[in-house]
Each structure stands twice: as C-alpha cells, then as structure tokens.
Amino acid sequence: MSHEQSYRSGETKGQTQAKVGQTMESMKDKAQASKDRTSETAHSAKGTAHDKTSGAAQATKDKAAGAAQATKDKTSGEAQATKEKASGAAQATKDKASEMMESAKETATAGEEKAGGILQQTGQQVKSMAQGAADAVKHTFGMADTDEDPNVTKNKTLDH
C-alpha cells in the first residue's frame with residue numbers, strides 16, 4: 001500500500017509539473033504574440049509618425065506604448081499567478097505524500113508489533129511440543145525418570 005501511495009504521489013507531482021510547464025509555455029507564447037503585435041503597432045506608428053508629423057501620429061504611438069505596457073503587466077501578473085498556483089499545488093502534493101508516508105509507517109509499526117507477538121507465542125508452542133516429543137521418545141526407550149507416568153508427557157514452558 002505504501003508503494004502505491006508513493007507512486008500516486010509521484011504521479012501527481014509529475015502531472016503538476018507538466019501542467020505548470022504547459023501553462024508557462026502558453027504564457028510565453030501569449031507574451032511573444034503580444035510583443036509581436038505591439039512591435040507591429042509601434043512600427044506602424046513610427047512609420048506613420050515619419051509620414052505625418054501631426055499630433056495624431058504621436059497619440060497613436062503613445063497608445064501603442066500604453067497597450068504594450070498594459071499587455072506586459074497583464075502577462076507578468078498571469079505568469080506570477082500561475083507560478084504561485086503551481087507552487088501551492090506542489091506544496092499540497094508534498095504535504096499529502098508526507099501524511100501518506102506517516103500513515104504507512106504507523107501501519108507497518110503496528111504490523112511488526114502484532115507479528116512479534118504471534119511469533120513469540122508460536123515459539124512457546126513449538127518449544128512445548130518439542131519437549132513433549134522428547135519426553136515421549138525417552139519413555140519409549142526407557143530413558144525417562146522412573147517416577148513419571150509414561151502415558152503422560154510433560155508440558156514445560158520455557159520463559160525468556
């Protein structure tokens with residue numbers, strides 16, 4: 001179960017990283033497209049400014065510069081929000097994995113304690129059975145203590 005939980009945690013982390021990568025790539029593409037449009041607008045405005053020396057050409061240039069700055073600000077804000085979201089998702093994945101590891105550790109410890117008790121109990125039973133078998137063999141070959149009943153086997157329990 002711990003291996004499966006670890007696998008799922010890693011899988012979730014990988015998916016989160018892939019999503020962050022895709023989002024960042026998309027943001028870069030949008031920023032580049034916006035930069036290209038701004039450059040075209042600025043180039044067009046520059047050409048217009050050279051052709052026309054009126055105030056309208058300067059207004060167009062100012063508008064293009066303002067649009068470029070607004071686009072840059074928006075792109076920067078979206079990239080930061082994406083980065084923060086990805087960071088939060090990665091932290092949540094890390095926290096969940098940590099919880100799952102702690103739970104698995106506790107489950108394993110409880111299993112070890114239970115198994116230890118069962119093994120100790122089984123060991124006691126095996127010792128008792130071996131002593132009984134040894135006594136039976138002694139009686140069969142006449143090597144048992146003479147004051148003992150040969151039909152009754154001793155059941156000794158050895159304490160550690």
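What is the relative accessible area of E4?

Modeller: This is a predicted model, in which local features need pLDDT of at least 70 and side-chain atom pairs count only at pLDDT 80 or more, while totals for chains, interfaces and linings use all residues. Residues are numbered from 1 along each chain as its sequence is written, and side-chain values use heavy atoms, with hydrogens and water left out.

E4 has a relative accessible area of 35%, so E4 is partly exposed (buried is under 20%, exposed over 50%, and partly exposed in between, with a 1.4 Å probe and protein chains only). R8 and E4 form a salt bridge in which the closest N and O atoms are 2.6 Å apart, the term requiring a side-chain nitrogen of Lys or Arg within 4 Å of a carboxyl oxygen of Asp or Glu. Both residues sit in helix α1, four residues apart, or about one turn of the helix, and α1 spans 2-51 (helices are DSSP runs of H or I, at least four residues, numbered from the N terminus). Searching the whole structure gives one salt bridge.

Elsewhere, V137, F141 and M143 make a nonpolar surface patch of about 360 Å², with areas from the Shrake-Rupley method and a 1.4 Å probe; patch residues have over 30% relative accessible area and no salt bridge, nonpolar side chains being joined within 5 Å and like charges within 9 Å. M143 lies in the segment after α2 (55-140), and M143 counts as exposed because its relative accessibility is 59%.

Methods: Helix = DSSP H or I, 4+ residues; strand = E, 2+ residues; numbered from the N terminus.
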